[in-house]
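Please read the following report alongside the chain and its model, which are shown here.

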Amino acid sequence: MSLRFGQSCPTCGRRIKIRMEFLGRTVACPHCRAEFNATDKQPRQGNSEQMLMQRVERALRQAEDPAFTE
Ligand SMILES: [Zn+2]
């Protein structure tokens with residue numbers, strides 16, 4: 001069984017079906033051969049995920065170093 005999800009190529013804008021096992025990996029567009037990161041989210045939402053990770057990292061740093069202040 002091969003589950004797929006649709007994503008638009010950020011370079012040529014064409015809709016591509018990507019297999020679920022490639023989620024989070026770098027894939028190449030079959031149309032223009034551009035490489036991009038496979039994600040089932042829109043790029044804008046991906047940014048908020050990155051910001052969340054930065055917040056988690058900062059919180060971890062604060063926990064490690066009690067003297068750390070912003
Ligand atoms: Zn493309």
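## A nonpolar surface patch

Leu3, Met20 and Leu23 together make up a nonpolar patch on the surface, with about 250 Å² of accessible area between them. Patches are built from residues with over 30% relative accessible area and no salt bridge, where like charges are joined within 9 Å and nonpolar side chains (Val, Leu, Ile, Met, Phe, Trp, Tyr) within 5 Å. Accessible areas come from the Shrake-Rupley method with a 1.4 Å probe, and for residues only the protein chains shown count as cover.

## Basis of the model

This is a predicted model, in which local features need pLDDT of at least 70 and side-chain atom pairs count only at pLDDT 80 or more, whereas totals for chains, interfaces and linings use all residues. Residues are numbered from 1 along each chain as its sequence is written, and side-chain values use heavy atoms, with hydrogens and water left out.

## Overall architecture

The chain holds one helix and four strands, and from the N terminus on these elements run in the order β-β-β-β-α. Helices (H or I, at least four residues) and strands (E, at least two) are DSSP runs, numbered from the N terminus. Of the 70 residues of the chain, 14% count as buried, where buried means under 20% relative accessible area, exposed over 50%, and partly exposed in between (1.4 Å probe, protein chains only).

## The zinc site

The zinc ion is coordinated through the SG atoms of Cys9, Cys12, Cys29 and Cys32, at 2.3 to 2.4 Å; donors are N, O and S atoms within 2.8 Å of the metal (3.2 Å for Na, K and Ca), and water is not among the atoms, so sites may look incomplete. The angles among the four donor atoms are 104 to 116 degrees, and the site is tetrahedral, a label given to four donors if all angles lie between 85 and 135 degrees. Along the chain, the donors follow the spacing C-x2-C-x16-C-x2-C. Cys9 lies in the loop between β1 (4-8) and β2 (15-19) and Cys32 in the loop between β3 (26-28) and β4 (35-37), so this pair ties together parts that are 23 residues apart in sequence.

## Salt bridge and arginines

A search of the whole structure finds one salt bridge, defined as a side-chain nitrogen of Lys or Arg within 4 Å of a carboxyl oxygen of Asp or Glu. The side chains that meet in this salt bridge are those of Arg19 and Glu21, at 2.8 Å from N to O. Arg19 has a relative accessible area of 35% and is partly exposed, and Glu21, with 39%, is partly exposed.

Arg33 lies in the loop between β3 and β4, is exposed at 66% relative accessibility, and has a phi near 65 degrees, a positive value in a residue other than glycine. Arg15, in strand β2, is exposed at 56% relative accessibility. Arg15 and Cys29 are 14 residues apart in sequence and 9.5 Å apart in space, C-alpha to C-alpha.

Definitions and conventions:
Tetrahedral: all angles 85-135°; square planar, octahedral: opposite > 155°, others 65-115°.
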